[in-house]
Amino acid sequence: MVRSQEATIADAERPEPSEQLWSVFEFARRYRLAKREENRLLMLYGPTASLHVLLANAQRHSLIS
């Protein structure tokens with residue numbers, strides 16, 4: 001019984017995928033953001049932010065007009 005309670009507590013403390021903290025540098029590289037956009041996100045959130053926040057606020061400028 002103790003084992004199942006420990007597993008439940010560990011599962012409750014584990015962040016959901018949308019709450020995971022990402023490096024802004026890694027996020028910008030992975031999503032091919034311009035350096036200017038990377039700097040904007042760094043000014044807003046610092047070096048780490050949740051994936052959900054980064055996806056909601058990142059802006060990619062279209063190369064096709």
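The legends below describe views of a predicted model.

**View 1. Fold of the protein chain.** Four helices and two strands make up the secondary structure of the protein chain (DSSP runs, with helices being H or I of at least four residues and strands E of at least two, numbered from the N terminus). Read from the N terminus, the order of elements is α-β-α-α-β-α. Of the contacts in the protein chain with a separation of 6 or more, 55% join residues 24 or more positions apart, a contact being heavy atoms within 4.5 Å.

**View 2. Surface of the protein chain.** The accessible surface is about 5,500 Å², and carbon and sulfur atoms hold 56% of that area (Shrake-Rupley method, 1.4 Å probe). Among the 65 residues, 20% count as buried; buried means under 20% relative accessible area, exposed over 50%, and partly exposed in between.

**View 3. Ring pair of Trp22 and Phe27.** The structure holds two aromatic pairs, where ring centres must lie within 6.5 Å and planes under 30 degrees apart count as stacked, over 60 as edge-to-face and the rest as tilted, with the six-membered ring used for Trp. The centres of Trp22 and Phe27 are 6.2 Å apart and their planes stand at 80°, so this pair is edge-to-face. Trp22 is buried at 15% relative accessibility, and Phe27 is buried at 1%.

**View 4. Ring pair of Phe27 and Tyr31.** With centres 4.6 Å apart and planes at 35°, the rings of Phe27 and Tyr31 form a tilted pair. Tyr31 is partly exposed, at 30% relative accessible area. Ring pairs join Trp22, Phe27 and Tyr31 into a cluster.

**Notes.** Residues are numbered from 1 along each chain as its sequence is written. Local features need pLDDT of at least 70 and side-chain atom pairs 80 or more, while totals for chains, interfaces and linings use all residues, and side-chain values use heavy atoms, without hydrogens and water.

Definitions and conventions
Buried < 20%, exposed > 50% of the residue type's maximum accessible area, 1.4 Å probe, protein only.
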